[in-house]
Amino acid sequence: MTKRLTVIVPALNAEAGLARTLESIDGSPVTEVIVVDGGSTDATRTIAGATGATIIDAPRGRGTQLRAGAEAAQGDWLLFLHADTVLSPSWRAEAGNFMAMPANERRAAAFTFRLDSRKAEARRVERLVNWRCRKLGLPYGDQGLLISRQLYGELGEYPDVPLMEDVALVRRIGRKRMHLFDATATTSAEKFERDGWTARPARNITCLILYFLGMPPRWIARLYGR
């Protein structure tokens, strides 16, 4: 039996990269695309509508938007994907094979992290991120997340928090149930270019440590810049 796959894309003023993101997921095995708009004032809704995606509204906040998209989805499987992230073509075969295995309904998967920059600093960040994923089982939301609807519901869905919604869900999945695809998720390097190739990763690690120590996500969000 063919599995239905819904891709859920939270968006807020995402016109710069949304078209490339949606193009990368167009066609099989995707049966539904939902763009969850958090109140965009640019061309985000026009771009999403032109691809045939379903557009729904939700209060601003990635966790809230992801949760709303999952509630509206019709698929047996859910793929959560950021609006500035582009998947490599091989994702289709890898994801299709993953979903076809019944045992994987109790597992989840993310993609190998890439940045859209040719700088050597970008390669260092990629190595750090992929080490974290393989050794600690902690992919972030910009690597996408493929998970069965059943497991997603059992884990309690994305929390309604301003930050760390991805880490909260991935921790519930656990390292042993997390698979990392060879297919890549290429995301914008704009934040690293803006904040610094050393400062941005250092801030990300600091936020992660504070979260593990029990600091409320709303406090961490102030440090992160949201």
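Beyond its neighbours within four places in sequence, L115 contacts (heavy atoms within 4.5 Å) A122, R123, V125, E126, T186, T187, S188, A189, F192 and W197. This is a predicted model: local features need pLDDT of at least 70, side-chain atom pairs count only at pLDDT 80 or more, and totals for chains, interfaces and linings use all residues. Residues are numbered from 1 along each chain as its sequence is written, and side-chain values use heavy atoms, with hydrogens and water left out.

L115 also belongs to the largest nonpolar core, which has 45 residues. A core joins buried Ala, Val, Leu, Ile, Met, Phe, Trp, Tyr and Cys through side-chain atoms within 4.5 Å. Buried means under 20% relative accessible area, exposed over 50%, partly exposed in between (1.4 Å probe, protein chains only). Helix α7 gives this core its largest share, 5 residues.

| Core | Residues | Members include |
|---|---|---|
| Largest | 45 residues | L78, F80, L115, L145 |
| Second, separate | 28 residues | V35, W77, F181, A185 |

Helices are DSSP runs (H or I, at least four residues), and strands are E runs of at least two, numbered from the N terminus. In α7, 7 of 9 residues are buried: E165, D166, V167, A168, L169, V170 and I173. They pack against α3, β6, β7, α6, β8 and α9. Just after α7, G174 has a positive phi of about 90 degrees.
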